[in-house]
Amino acid sequence: MDFFRKNSGTGSKNQSSTPVRMKIILCVIFILFATLIGQLAYLQLDYGSRFKSEVQKSNSAVVSSQVPRGVMYDTKGRVLVGNKANNAITYTKSASTTSDQAYTVSNALSNYIKLSDEKPTEQQKADFYLANPQNSKPALAKLPKSIRDSQDQSLINEKLGEEVKKQGIKLTPKQKTAALIFNKISGAYTLSTIYLKNKNLTNTEIAQVGEHLSELPGVGIGTDWQRSYPNGSSIQSIIGSVSSEKSGLPSDNLQYYLTNGYSRNDRVGTSYLEQEYEPLLKGTKSTSKVTTKGNGDIQQTKTVYKGQAGASLILTLDAKYQKKVQADLKRVYSSALASGAAHYSNGAYAVAMNPKTGALLAIAGLNRDPKKNKVTENALGVINQSFVMGSAVKGATVGGGLINKAITPTNSTLPDTAIYLPGSPVKKSVYPIGTFSALDAETALEVSSNIYMMHLAMKWVHAKYVPKSYISMPRDSFDVLRRNFNMFGLGQKTGVDLPGEVAGIQGKSFNSKGNILSGSVLDLAYGNYDAYTPIQMVQYVSTVANGGYRMQPYVVQSVGKTGTDGKQIYIDYNKEPNVQQRIPWTPDELNIVQQGFYRVVHGTNSWGTAHPLKGVKPSVSGKTGTAQTYYYDPSKPHQKNAPELINSTFVGYAPSKNPDLAVAVVFPGLDPDGEGTYTLQVAKAMIQDYYSLHK
């Protein structure tokens, strides 16, 4: 069997070559090991201390914290909204905080504080329950193997949560508190400081937490703040609201806030003045340098910048006058409800303004649900609710007719004959047909003649009219009248420094066939077509009062800083009155409108509409209005034969010469048979209250 072949030639040479190669390889290996050992020794001896310091080296990061929000004062320096300081239990999350540590701290802290005003959700209960390994391991074992072996940890957590929820988690009151604390700690950002409890913190809780701080890593005792309203909360509907730390940034504008340096749990203004002046009110956050050890634990926190509290706002509102106006409106509206005149009414509104500057002096409003008969305060309805105002706008109609030379101060007489359009009911005034054969502009305002305004509009736009048979109007007739009303501030936003203002509502100009609605043009002329806001009405009457300057309304008079004593205010900015437009009328044309408004109150004609204000001091000038409308039921948007209602209005100013107060009052949705003098009662109280406070 020749399994092996014999080597040919000399075998001694081949046998000696193998040991030589092995020796060379072993020698190389030895040299490499020796070099490695030498290098390790060198590093250990010469660089050991350096490496040790690198391991123990600390890192630092800059974190920011909120500062108190800016204070708002009334025009007399009274605090309308401030900040109430509260003791708080805080937690600063380190980079090394684990779920186990958060669980331990939560359980320990629940021994000393209670969160009885909050309730954990089922998800929060499940998260807390599973944070305990004694609970999570058995729950994990019950999951299907395919899920346990999954690399998707979020899926595993989701299934674990579903599993324990099925079992029904029952926690003691102390465990519920711990679950809430655990949720807050788990959701905190690294190195951020959050509030674990900042409301209703008792002295006992503070003392007990303080005694055990060494056992509660990351927990501290600090101060938080919340908005306070020392002069009543009625002003809050104007000031607006601030989000809570829990709700954080509004989701609909999240990206804007994040790009402007906000944190997700920052509190921001969410409505009205708080929202409009957010960049000023928020202040500048304090910054601290947080030093952490190599293992992520916080080593030191050092304040770098104390921050700057938010700017202070001084408003044009007088807190005492604001309260009185709100009370006046509520009192008179209650009497309208009691008499049955406001059965279908959805509220009432009143606003006062300085006609010389545009400064708003009081803003009051009531909203009512006719079905539930529930009345709530709604001051901002003054800028975001629109109503057909009726004859109160006739001053703008007469003013426009004079400016456009349809009438003149020396020749303003027009026939007072009713308007008969083909196929339509007669268009007339409140008083019987034939009461007057003709009227001049001043008398037409005094007796509130609808007929006069319709004849004026037809002459103004050059309409062609044959009673009972024919009327033809240019297609731009609505545009002509609306441009005039806009000039006085009616039908467009006033530019008030509050968010949410609306421009009003325009009625249709043409029918489905494209023909101009001629009858509606006439309705527009005497205020019974387009809808305006109460703030537009007070701007309009102020324009008449001050001689023709349309002033921009505003609420914030000054911006400044509150001194360290909490009393002294240092002004950085003062609002200057802004004239939006000057009415291009002559002194004689202006005098016609102002005299008409004076005669509405002080005239002798029995058809005068505001005689109850004749005895008010100082002297009042103004214009009433009544507009036909119908009750709208949101649950029956296409309701037929809806109840007929009226909107009752008044605009006026005082004193009649050189006025410094203008008012507008609106009572929408009154019973036609029970209009009464409600708007005049409110206006009278507003004027008397103002001058009793400004003697």
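**Exercise 1. Helix packing**

Helix α15 passes helix α21 in a right-handed crossing. The model examined here is predicted. Determine how the axes of α15 and α21 are arranged, and identify the residues that make the contact.

*Solution.* 

Step 1. Two packed helices are described by the angle between their axes and the distance between the axes.

Step 2. The axes of α15 and α21 (residues 587-602) come within 9 Å, and they cross at roughly 160 degrees.

Step 3. Angles over 145 degrees count as roughly antiparallel; α15 is therefore roughly antiparallel to α21.

Step 4. On the side of α15, the contact involves Gly395, Val398, Gly399, Leu402 and Ile403. On the side of α21, Glu589, Ile592, Val593 and Phe597 take part.

**Exercise 2. The surroundings of α15**

State how many residues of α15 are buried, and describe the phi of Lys405, which follows the helix.

*Solution.* 

Step 1. A residue counts as buried when its relative accessible area is under 20%.

Step 2. In α15 (residues 394-403), 10 of the 10 residues are buried, so the helix is largely enclosed by the rest of the structure.

Step 3. Among these buried residues are Lys394, Thr397 and Gly400.

Step 4. After α15 comes Lys405, with a positive phi near 65 degrees.

**Exercise 3. An aromatic pair**

Classify the aromatic pair formed by Tyr321 and Tyr690, and locate both residues in the chain.

*Solution.* 

Step 1. For Tyr321 and Tyr690, the ring centres are 5.4 Å apart and the planes are at 70 degrees. Planes over 60 degrees apart count as edge-to-face, and this pair is accordingly edge-to-face.

Step 2. Tyr321 belongs to helix α13 (residues 319-338) and Tyr690 to helix α22 (residues 678-693). The two residues are 369 residues apart, and their pair links distant parts of the chain.

Step 3. Tyr321 and Tyr690 are both buried.

**Exercise 4. A glutamate in a helix**

Is Glu274 buried or exposed? Name some of the residues that Glu274 touches.

*Solution.* 

Step 1. Glu274 is located in helix α11 (residues 272-276).

Step 2. Its relative accessible area is 0%, so Glu274 is buried.

Step 3. Leaving aside residues up to four places away in sequence, the residues touched by Glu274 include Arg69, Arg227, Ser241 and Leu281.

Methods. Residues numbered from 1 in each chain as written. Predicted model: local features only at pLDDT ≥ 70, side-chain atom pairs only at ≥ 80, totals over all residues. Heavy atoms only, no water. Buried < 20%, exposed > 50% of the residue type's maximum accessible area, 1.4 Å probe, protein only. Helix = DSSP H or I, 4+ residues; strand = E, 2+ residues; numbered from the N terminus. Phe/Tyr/Trp six-rings, centres within 6.5 Å; stacked < 30°, edge-to-face > 60°. Contact = heavy atoms within 4.5 Å. Axes fitted to C-alpha atoms, helices over the stretch in contact; angles between N-to-C directions. Parallel < 35°, antiparallel > 145°, perpendicular 65-115°, else oblique. Left-handed = near helix turned anticlockwise from the far one by under 90°.
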